[in-house]
Amino acid sequence: MGIPSKSTGLIAAAVSFISFGTSGAFVKPLLEAGWSPTAAVTARALTAGLVLLPFVVASLRGRWDLLLRARWPVLGMGLVGVAVTQVLYFAAIQRIPVATALLIEFLAPIILVGFTWAVSRRTPAPVVLLGSVLAVGGLVLVIGPGAIHAVDPIGLAAAFGAALGCAGYFVIAARPNEGLPPVALAGTGLLLAAPVLALIGATGLLPFTATFGDVPLLGTTTAWWVPLLVVAVVGTALAYASGITASGILGSRLASFIALLEVVSASLFAWLLLGEELSAPQLAGGLLILGGIASVRAERPKVEPAPIPGLVQH
């Protein structure tokens with residue numbers, strides 16, 4: 001089997017951010033009907049994990065030892081990439097505006113740039129620094145300039161913790177992970193995260209409520225499980241599987257910058273499906289994010305000098 005091309009990675013990344021972007025439009029009816037965010041994300045993780053389970057089994061083809069060998073990436077994806085990130089995000093939005101929490105969480109690509117800078121002690125290329133500035137500016141415009149106003153330190157700390165968890169998701173997804181197929185990493189991670197989230201809800205650390213009546217959806221009324229199934233299949237199962245695939249091909253830095261387009265995708269779906277206003281600054285912000293992605297992608301990989309024939313290499 002050949003090495004996947006960058007084009008394949010870009011397509012997978014696009015599928016991921018578009019899929020993730022549908023989540024808000026289909027989760028919102030559940031939240032308005034009385035579901036708590038923690039209950040909704042627990043249900044979507046469990047349902048998505050079960051949806052992916054047949055694909056997990058098929059991708060492993062009896063190689064169950066891969067799960068044991070990749071136990072740390074699976075634990076990392078389930079606990080950090082899904083459970084911790086979601087719990088801290090929902091803890092944050094209980095204290096600070098949603099826009100502020102989103103803005104901080106989506107600083108994950110900048111965290112990755114800073115971490116690489118600190119570890120390698122090499123200043124990032126100018127195009128990466130430019131891309132970071134453009135991406136943050138675009139995020140502020142898409143989410144709204146009012147997102148920068150927040151004073152609750154606990155809420156800010158929780159949101160920053162969610163950003164670290166999000167950064168961890170991209171790092172784990174970008175690693176070889178002992179040969180474990182991306183769909184297997186996504187499915188097992190989600191199935192692991194679901195009981196952890198349910199346990200947190202059961203302890204009362206975060207509200208955990210759900211209702212099972214009809215909910216309004218796209219101008220009509222439907223059963224509660226319809227939007228849940230859509231967000232589980234499209235906004236979770238497909239989104240995580242394609243996102244992990246993209247990170248494995250593109251690397252954590254580029255994949256994380258492309259994932260910023262999730263906020264643009266979510267705004268578009270909210271406009272198309274919920275009739276929410278889409279403003280000119282949001283469109284301009286989307287263009288800035290695209291400019292940031294283009295700048296990061298333009299970084300040229302460092303090429304090690306070829307050895308000079310005849311010289312002994314130590």
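Reader: Which residue in S2 stands opposite leucine 217?
Author: Threonine 220 does, in this predicted model.

Reader: How many bridges join S1 to S2, and which way do the strands run?
Author: Four bridges join them. Strand S1 covers residues 214-217, strand S2 covers residues 220-223, and the two run antiparallel.

Reader: What about the turn in that hairpin? How many residues sit between the strands?
Author: Two residues. One to look at is leucine 218, which takes a positive phi near 55 degrees.

Reader: Switching to serine 23. Where is it, and is it buried or exposed?
Author: Serine 23 is in helix H2, residues 23-32. Its relative accessible area is 8%, so serine 23 counts as buried, the cut-off being under 20%.

Reader: What does serine 23 contact, leaving aside neighbours within four places in sequence?
Author: Arg44, Val231 and Gly235.

Reader: And alanine 33? Where is that one?
Author: Alanine 33 lies in the loop between H2 and H3.

Reader: How far is alanine 33 from isoleucine 111, C-alpha to C-alpha?
Author: The separation is 36 Å. Along the chain they are 78 residues apart.

Reader: Pockets next. What volume does the largest one have?
Author: About 1400 Å³.

Reader: How many residues line the largest pocket, and which lie nearest its centre?
Author: The lining has 50 residues. Nearest the centre are Gly24, Tyr89, Leu102, Glu262 and Ala266.

Reader: Which helix gives the largest share of that lining?
Author: Helix H5, residues 71-93, with seven residues.

Reader: What is the lining by class?
Author: There are 32 nonpolar, 12 polar and six charged residues.

Reader: Now confidence. What does the protein average?
Author: The average pLDDT is 85, and 92% of the residues score at least 70.

Reader: Which elements have the lowest and highest mean pLDDT?
Author: Helix H6, residues 98-105, has the lowest at 81. Helix H3, residues 37-60, has the highest at 94.

Reader: Where is the pLDDT below 50?
Author: Over residues 303-314. That stretch has two contacts in the model beyond near neighbours in sequence. Where pLDDT is low, predicted coordinates should not be read in detail.

Terms used:
Residues are numbered from 1 along each chain as its sequence is written. This is a predicted model: local features need pLDDT of at least 70, side-chain atom pairs count only at pLDDT 80 or more; totals for chains, interfaces and linings use all residues. Side-chain values use heavy atoms; hydrogens and water are left out. Buried means under 20% relative accessible area, exposed over 50%, partly exposed in between (1.4 Å probe, protein chains only). Contact means heavy atoms within 4.5 Å. On a 1 Å grid over the protein atoms alone, a cavity is a set of points where a 1.4 Å probe fits but cannot get out, and a pocket is an open set with protein on both sides within 12 Å along at least five of seven lines; lining residues have an atom within 4 Å of a point. Grid points are joined across faces, edges and corners, and a volume is the space filled by probe spheres set on the points. Ala, Val, Leu, Ile, Met, Phe, Trp, Tyr, Cys and Pro count as nonpolar, Asp, Glu, Lys and Arg as charged, and the others, Gly among them, as polar. pLDDT is the predictor's confidence in each residue, from 0 to 100. Two strands pair if DSSP finds at least two bridges between them.
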